[in-house]
Amino acid sequence: MTLILNRSDVISVLDMKDCMNVVEKAFAELANGTAVLPLRTGIKPPDGISLYMPAYLKEMGALACKVVTVYKDNPAKYNMPTTIGKVLLQDINKGDVICIMDGGYLTAVRTGAASGVATKYLARDESNQTAGIFGAGVQAKMQLWAVATARDLKHATVYDISDEAMDKFITEMSGKLNIEIKKAKSAADVIKADIICTASSSAEPLFDGKLIKEGTHINGIGSHSPGARELDTEIIKRSMFVGDSREACFSEAGDIMIPLKEGAITEDHFYAELGEIITGKKKGRTDGKTITLFKSNGLAIQDVAAAKVVYESAIAKGIGVEVEI
Ligand SMILES: NC(=O)c1ccc[n+]([C@@H]2O[C@H](COP(=O)([O-])OP(=O)(O)OC[C@H]3O[C@@H](n4cnc5c(N)ncnc54)[C@H](O)[C@@H]3O)[C@@H](O)[C@H]2O)c1
């Protein structure tokens, strides 16, 4: 039997704290060599792109593949979303697909979870911190949830080019997290924060890296193609650079690839993978002045870990529909 879980099923069982726990373990497996993570494979049919993201986590006993499609004309032509994702979770002993679940909400939570784990290890550990969020879309909401789970947040500021998106963000997230969230007039209001998340669809830098104060932690999760970036050369140069994966950063992340091409940094500027910090192979923050930066491209190990926790929780709660395929 295969368990089918729709978006509301996934929403009802996936909590940020649980997701951060398993995502942390998944990054540790990557650093310890017990994760199998092929680079994502893409196929381009005429109207869009189809991406296949498989991974295996040996210690967790989890095997899955996420299928994501990006079809730009979907909303106008078919009244369907541009990006659609589903995760196929397999039984590691028998190989059979035991669960097919919606991957949209799962992707947003697991992306937030990676930033939450990075914040836990790299941000200053003080009470009453502030968060600044660039973008007010799907991912941005989960970034704030994750930062609020990792640190004691006093208040947050959000900036988006869409006023409507900011209003929705504030209504939804201030209720959910019970913290004060202010609408920023410009990027200058956001960069004063202790912890900054960039989660926009911008392909251009969102702020001037010279203006970031010492001790700031940044999670950069948007742009992940070689020619696009949310972070400028200056902030990359000033930061201790930690990536989700070295390979993904140097093949997908304009944030580091553009400064490298400009000759502003060398490859040695890549300090560590997040898993190396989690497992203690490399030191995290050692003082209150360093600017730490986590660049996330999104790895299939995060999807696999999140899918396993969703499946186990759904089985325990009797959620979803079982079908014979
Ligand atoms: N790292 C990962 O694992 C991962 C996973 C999923 C999505 N993403 C990326 O995250 C980004 C956001 O995705 P989403 O699903 O939230 O998209 P979304 O469309 O829901 O939200 C993006 C928001 O960014 C805003 N924006 C665009 N330019 C801006 C600017 N210059 N300043 C401030 N706001 C601006 C838009 O108005 C929009 O509200 C995308 O680039 C996406 O590819 C990364």
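The legends below describe close-up views of a predicted model.

View 1. The domain assignment of the protein places residues 2–107 + 301–323 in domain 1 and residues 124–297 in domain 2. Between the C-alpha centres of domain 1 and domain 2 the distance is 24 Å. The contact involves 10 residues of domain 1 and 11 residues of domain 2. On the side of domain 1 that touches domain 2, seven residues are nonpolar, one is polar and two are charged.

**View 2. The largest nonpolar core.** This core comprises 100 residues. V23, A26, I301, V304, A305, A306 and V310 have the most contacts inside it. Helix α12, residues 300–317, gives the most to the core, namely 10 residues. The core lies between domain 1 (2–107 + 301–323) and domain 2 (124–297), because both give residues to it. In soluble globular proteins, nonpolar side chains tend to be buried together.

**View 3. Surroundings of I301.** I301 is one of the residues with the most contacts inside the largest nonpolar core. Leaving aside residues up to four places away in sequence, I301 touches A26, E29, L30, A35, L37, A55 and L57.

**View 4. Packing of helices α2 and α5.** Helix α2 spans residues 16–32 and helix α5 spans residues 138–150. Their axes are 10 Å apart and meet at an angle of about 80°. Angles of 65 to 115 degrees count as roughly perpendicular, and α2 and α5 are therefore roughly perpendicular to each other. From α2, the contact is made by M16, K17 and M20; from α5, by W145, A146 and T149. By class, four residues of this contact are nonpolar, one is polar and one is charged.

Note on methods:
Residues numbered from 1 in each chain as written. Predicted model: local features only at pLDDT ≥ 70, side-chain atom pairs only at ≥ 80, totals over all residues. Axes fitted to C-alpha atoms, helices over the stretch in contact; angles between N-to-C directions. Helix = DSSP H or I, 4+ residues; strand = E, 2+ residues; numbered from the N terminus. Parallel < 35°, antiparallel > 145°, perpendicular 65-115°, else oblique. Contact = placed C-beta atoms within 7 Å. Nonpolar A, V, L, I, M, F, W, Y, C, P; charged D, E, K, R; others polar. Core = buried A, V, L, I, M, F, W, Y, C linked by C-beta atoms within 7 Å. Buried ≥ 20, exposed ≤ 12 C-beta atoms within 10 Å, placed from the backbone. Domains from an automatic or database assignment.
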